[in-house]
Amino acid sequence: MTINRGKLPLNSILSHSRLGWQRPIFLDLLFKRNALRESHWNPLAQSRADAMALPFCLNDNSVITTSQIKGDLQDIQARCGSVSLVIVDYVQLIEPMRRERGENRVQEIDSILKQLRAIAKQFNCAVLGLAQLKREVDSRSEKRPTKADFRESGGFEQEAAVMLGLYREDYYDKETTQKGIFEVSVLKSRFSSETTVNKIV
């Protein structure tokens with residue numbers, strides 16, 4: 001298993017870059033002919049330099065288990081002393097360490113979530129797991145995600161300390177007046193009450 005340290009994908013660099021330090025360089029500029037201007041390159045280069053200086057490791061293997069995640073973290077801990085944050089993109093892509101006879105995918109995800117929670121305790125770090133939602137969200141009138149929309153498992157609600165739902169009105173309605181507004185809803189929190197935060201992007 002290869003861990004690439006200090007390497008950030010170009011799309012991540014772009015999403016953190018600034019045009020004249022005033023507005024983001026949106027990813028679609030990269031794919032439009034003659035869209036990037038000379039004035040874009042200095043902030044883009046600075047963002048890349050800033051990203052390369054960050055102490056992080058990236059594992060981009062297509063197949064991974066919680067046991068492999070744990071092994072990677074032990075290696076990082078031995079080299080760096082501590083681990084602060086683990087990001088899993090996304091939870092439903094993690095493979096079970098072994099498949100039990102008669103166990104379905106819901107039970108596998110429940111077990112994986114328990115293992116991720118154990119990893120957070122063992123390494124005293126935060127584990128942020130992205131999750132796929134049920135397809136039914138797109139077919140209903142109210143598309144803001146709820147706790148029940150997390151695909152394949154009720155274990156998310158049971159194991160997670162915090163559950164966040166992400167929503168953009170202009171993704172579904174191109175004529176909305178809420179263009180550029182990104183909602184983050186706290187669906188569950190053991191530390192605070194449920195609420196919604198709007199961010200202009």
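A polar contact here is a pair of N or O atoms within 3.5 Å; within protein, one atom must be able to donate a hydrogen and the other to accept it, and residues adjacent in sequence count only if both atoms are side-chain atoms. This is a predicted model, in which local features need pLDDT of at least 70 and side-chain atom pairs count only at pLDDT 80 or more, while totals for chains, interfaces and linings use all residues. Residues are numbered from 1 along each chain as its sequence is written, and side-chain values use heavy atoms, with hydrogens and water left out.

Start with the whole protein, coloured by secondary structure. It has seven helices and nine strands (DSSP runs numbered from the N terminus: helices are H or I, at least four residues; strands are E, at least two). Of the 201 residues, 30% are buried (under 20% relative accessible area; exposed is over 50%, partly exposed in between, with a 1.4 Å probe and protein chains only). Among contacts (heavy atoms within 4.5 Å) with a separation of 6 or more, 53% are between residues 24 or more positions apart.

Next, select Asp170, which lies in helix H7, residues 169-172. Is Asp170 buried or exposed? Asp170 is buried, at a relative accessible area of 13%. Show side chains: those of Asp170 and Arg168 are joined by a polar contact of 3.0 Å. The Asp170 side chain also reaches the backbone nitrogen of Gly180, at 2.8 Å. Apart from neighbours within four places in sequence, Asp170 contacts Thr176, Gln178, Lys179 and Gly180.

Now select helix H3 (residues 66-80) and helix H4 (residues 105-123), which pack at about 15° with axes 10 Å apart. Axes are lines fitted to C-alpha atoms, for helices over the stretch in contact, and angles run from 0 to 180 degrees between N-to-C directions. H3 is therefore roughly parallel to H4 (angles under 35 degrees; over 145 is roughly antiparallel, 65 to 115 roughly perpendicular and the rest oblique). On the H3 side, select Thr66, Ile69, Lys70, Leu73, Gln74 and Gln77; they meet Ile112, Gln115, Leu116, Ile119, Gln122 and Phe123 in H4.

Stay on H4 and select Val106. This residue is partly exposed, with a relative accessible area of 38%. Leaving aside neighbours within four places in sequence, Val106 is in contact with Glu152 and Ser153.
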